[in-house]
Amino acid sequence: MKIVGSAETLNRIVAPAMLLLSLLAGCAGAPEASRSLAFDSTRDTAIVILGTSVNHAQREEVRAGRSLSSFWVEYDPDTLRLVPGGKTFLSKVEGGVFSEPRYLKPTVSVLQVEPGYYALIGAGFPHLMTTFVASKQNSGLVENMGELETWTHTVDPRRHIDPAAEVGRGRNFLFTVLPGEILYIGHFEFLKWDFSDRLRSLNYFQDEAAARQVLVDYPGISGPMVTYDPAKSRQSVSR
């Protein structure tokens with residue numbers, strides 16, 4: 001499966017560092033689960049496991065990005081629209097300024113999230129985030145050869161998207177997680193353009209062995225891991 005987002009280009013002159021600092025306070029999402037977390041099927045929260053990496057052939061071409069993020073927002077399954085002000089979570093794989101970024105090797109994240117219906121609405125390097133839904137009106141969009149584009153310096157793409165934007169399996173990765181569930185949703189490989197950190201697309205695959213292995217480091221998380229199958233309805237996914 002390949003997820004393709006809108007391109008983002010350098011169409012506005014801004015002060016990236018100052019703007020990024022001003023937006024850090026707006027960063028939303030779920031922190032990675034604590035290694036000492038006690039979790040089982042009786043909890044009213046859920047565990048989501050996902051993998052992140054960049055395309056191996058592009059490892060040496062990462063320019064300025066020191067972290068990779070995927071941003072998820074609650075949607076209404078009846079209307080297939082985002083829920084304004086709804087639940088969110090963020091996966092983030094970081095690297096130190098003077099160390100090799102962790103995402104150059106496949107990294108598995110374990111997140112504690114609120115149960116619900118979620119859509120992938122943004123992904124990429126925080127300084128150049130690609131969004132997968134319609135943008136807000138008057139949000140700095142320009143038209144380039146018939147395609148709307150924006151250059152986004154933000155860690156919270158909700159600032160730039162329509163809060164009730166439509167979602168769909170052709171445009172967004174969608175999944176549901178239940179209370180007390182441990183759900184592996186898959187691995188997302190970031191593909192970017194050459195000589196730029198701008199995201200081109202995402203490849204999707206599954207590595208259940210890597211997902212199960214990472215749970216060894218979380219001895220307090222107990223219960224069966226469910227592997228989400230995006231090709232099947234929620235009722236078809238069994239424990």
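Which residues of β2 are buried on one side and which on the other? In this predicted model, local features need pLDDT of at least 70 and side-chain atom pairs count only at pLDDT 80 or more, whereas totals for chains, interfaces and linings use all residues. Residues are numbered from 1 along each chain as its sequence is written, and side-chain values use heavy atoms, with hydrogens and water left out.

Strands are DSSP runs (E, at least two residues) numbered from the N terminus, and buried means under 20% relative accessible area with a 1.4 Å probe, protein chains only. On one side of β2, Ala46, Val48, Leu50, Thr52 and Val54 are buried, and on the other Ile47, Ile49, Gly51 and Ser53 are buried as well. In a regular strand the side chains alternate between the two faces of the sheet. Because 9 of the 9 residues of β2 (residues 46-54) are buried, the strand is largely enclosed by the rest of the structure.

Pairing of two strands requires at least two DSSP bridges between them. Strand β2 pairs with β6 (residues 107-113) in the antiparallel sense over 7 bridges, with Ile47 bridged to Gln112, and with β12 (residues 182-192) in the parallel sense over 8 bridges, with Thr52 bridged to Phe188.

A nonpolar core is a set of buried Ala, Val, Leu, Ile, Met, Phe, Trp, Tyr and Cys residues joined through side-chain atoms within 4.5 Å. In the largest such core, of 26 residues, Trp72, Phe89, Phe173, Phe175, Ile185 and Phe188 touch the most other members. Another core, of 15 residues, lies apart from it and includes Val110, Ile182, Ala211 and Val214.

Technical notes
Buried < 20%, exposed > 50% of the residue type's maximum accessible area, 1.4 Å probe, protein only. Helix = DSSP H or I, 4+ residues; strand = E, 2+ residues; numbered from the N terminus.
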